[in-house]
Structure formats: structure tokens, C-alpha cells
Amino acid sequence: MYYSNIHHPSLPPMRVITVTGNGKISVQPNYVQIQIEVITEGKDVSIAQQENANIMNRVIQSILALSIPKEDIQTAAYNVFPNYDYIEGKQVFRGYEVTNAITVKVKDTSQIGTVIDTAVQYGANRISGIQFKIENADSTYQQALRLALQNAQMKAKTIADSMKLPLHPQPIEIVEVNEAAGPVLFKSVAMSESANTPIEQGQITISAAVRVKFQY
């Protein structure tokens, strides 16, 4: 924050206080997105792919049986890579690794542990991450924006009162400050290959910031 004089040759000097206001709102996530992976290996790529497909089909069917809609299950990635070992400085082909990843949207967050345990039980061997998210976050962001404006006004008043300046209450400029990545609307949790349940969802914090100029 700072205060300064803005002067134009043809106009009387305008004295300005510029402050940055911040606002935050913490909310409970209303759905979670889980990435579930099946990884298989084999010397023959077609066999490794077929084994992978069989396991993933079982995993998907087990998740559907938990009343997760089919449209909430999507393929996230499918990769086939050759694996090599290095023996005495030489590259030795070990076989192929096939990775099939799906994302599952779970609207009932109390089901998170059950979905993970079920997927692992039916052959998934990596839960690569979960993201707690919120839908229709715009209204929450607007609340944070209002708090940011109030915060800016309080800062400007504090400066004016401390410096005994006659602050004009109406700002002459308001600029919404967007971070490079935008407001955070989800919280990620990294998972190891063996999932531990239950998983605590916590809260998501949505932030807003504004830069405001006041005349005094």
C-alpha cells in the first residue's frame, strides 16, 4: 500500500492513496475427483494391453455398482512405454508398461473411501490423486470480492486516520487483481499406491483481491 500525489500540468494536483484489499471465503467441497490407474507390464505388448483392459473393466464395473453414474467416469490417460534395464552400461529391453487412468467424479464425498477401496480391491494399483472441488463457485468468489473491497476501505481509512488526511470515502479507481492461476476452486491431495481411508476433505479457500485508489 502507498499514498502519493498525482499531478497534471493543466489540473490541480490530485492526492491519492492506493491500497490492496484481500478477501477469503472457506467452503466445504461438494464433490471430489479421483484419478484411478491400472498399470500392467509384459514382454508382449498385446498381452499387457489385454490384461490391463480386463482389469480396468472390472474396476469400472465395480465403481458403477456403487451407483456412480457412467457419465461421471472418464478416461484420463492411456500410455504404452517400453521399459529398459541398464546392465553394465548396456540398455536391455525389459518389457512394456501399459498405464490406463480414469477420473471418477464422486458427488457424495462420504463415498470417497469406499470408491478407493473398491477400485483397489478389483485391481487398480495406483490412486494418483484426489481433488476436492466445488461447483458453481462464482457466487462464493463474489462474496470474497466483497470482503476484499471492505478490506481495502478499512486499510485506506486506517492510513488516512493515522496521517490525519481528509479521505474521500468513494474510490476513484477499483481494479480486480487476478492471480496468474486464477482463484483456487479445488484442493489436491496426493495419494500413494496404497490408499488409506478415511480421507479428510477439509475446506477449500477461495480468495479475491482488489487494488483501490482513494482521493484525499
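## A surface residue to start with

At 32% relative accessibility, F93 counts as partly exposed, because that class lies between buried (under 20% relative accessible area) and exposed (over 50%), with a 1.4 Å probe and protein chains only. F93 sits in strand β5. Helices (H or I, at least four residues) and strands (E, at least two) are DSSP runs, numbered from the N terminus.

## The model and its layout

This is a predicted model, in which local features need pLDDT of at least 70 and side-chain atom pairs count only at pLDDT 80 or more, while totals for chains, interfaces and linings use all residues. Residues are numbered from 1 along each chain as its sequence is written, and side-chain values use heavy atoms, leaving out hydrogens and water.

The protein has three helices and nine strands. From the N terminus, the order is β-β-β-α-β-β-α-β-α-β-β-β. Of its 216 residues, 35% count as buried. The accessible surface comes to about 12900 Å², and carbon and sulfur atoms hold 51% of it. Contact means heavy atoms within 4.5 Å. Among contacts between residues at least 6 apart in sequence, 80% join residues at least 24 apart.

## Strand β3 and its partners

Two strands pair if DSSP finds at least two bridges between them. β3 runs antiparallel to β5, with eleven bridges. Here I39 stands opposite T99 of β5. β3 also runs antiparallel to β6, with seven bridges. Y31 has K133 in β6 as its bridge partner.

## The nonpolar core

In soluble globular proteins, nonpolar side chains tend to be buried together. A nonpolar core is a set of buried Ala, Val, Leu, Ile, Met, Phe, Trp, Tyr and Cys residues joined through side-chain atoms within 4.5 Å. The largest one here has 43 residues. V19, I34, I36, V59, I63 and V104 touch the most other members. Elements that each supply at least two residues include β2 (14–27), β3 (31–42), α1 (45–64) and β9 (204–215). α3 gives the most, with eight residues.

I34 touches residues that include I102, V104, I112, V115, I127 and I130, not counting residues up to four places away in sequence.

## Helix α2

The buried residues of α2 are I112, G113, V115, I116, T118 and A119. Their cover includes β3, α1, β5 and β6. After α2 comes G123, with a positive phi near 120°.

## Two loop residues with positive phi

Most residues other than glycine have a negative phi. S67 is not a glycine, yet its phi is positive, about 70°. S67 lies in the loop between α1 and β4 (73–87). At 66% relative accessibility, S67 counts as exposed.

K164 also has a positive phi, near 55°. K164 is found in the loop between α3 and β7 (173–177). With 72% relative accessibility, K164 counts as exposed.

How values were computed: Areas by Shrake-Rupley, 256 points an atom, 1.4 Å probe, with all protein chains shown as cover.
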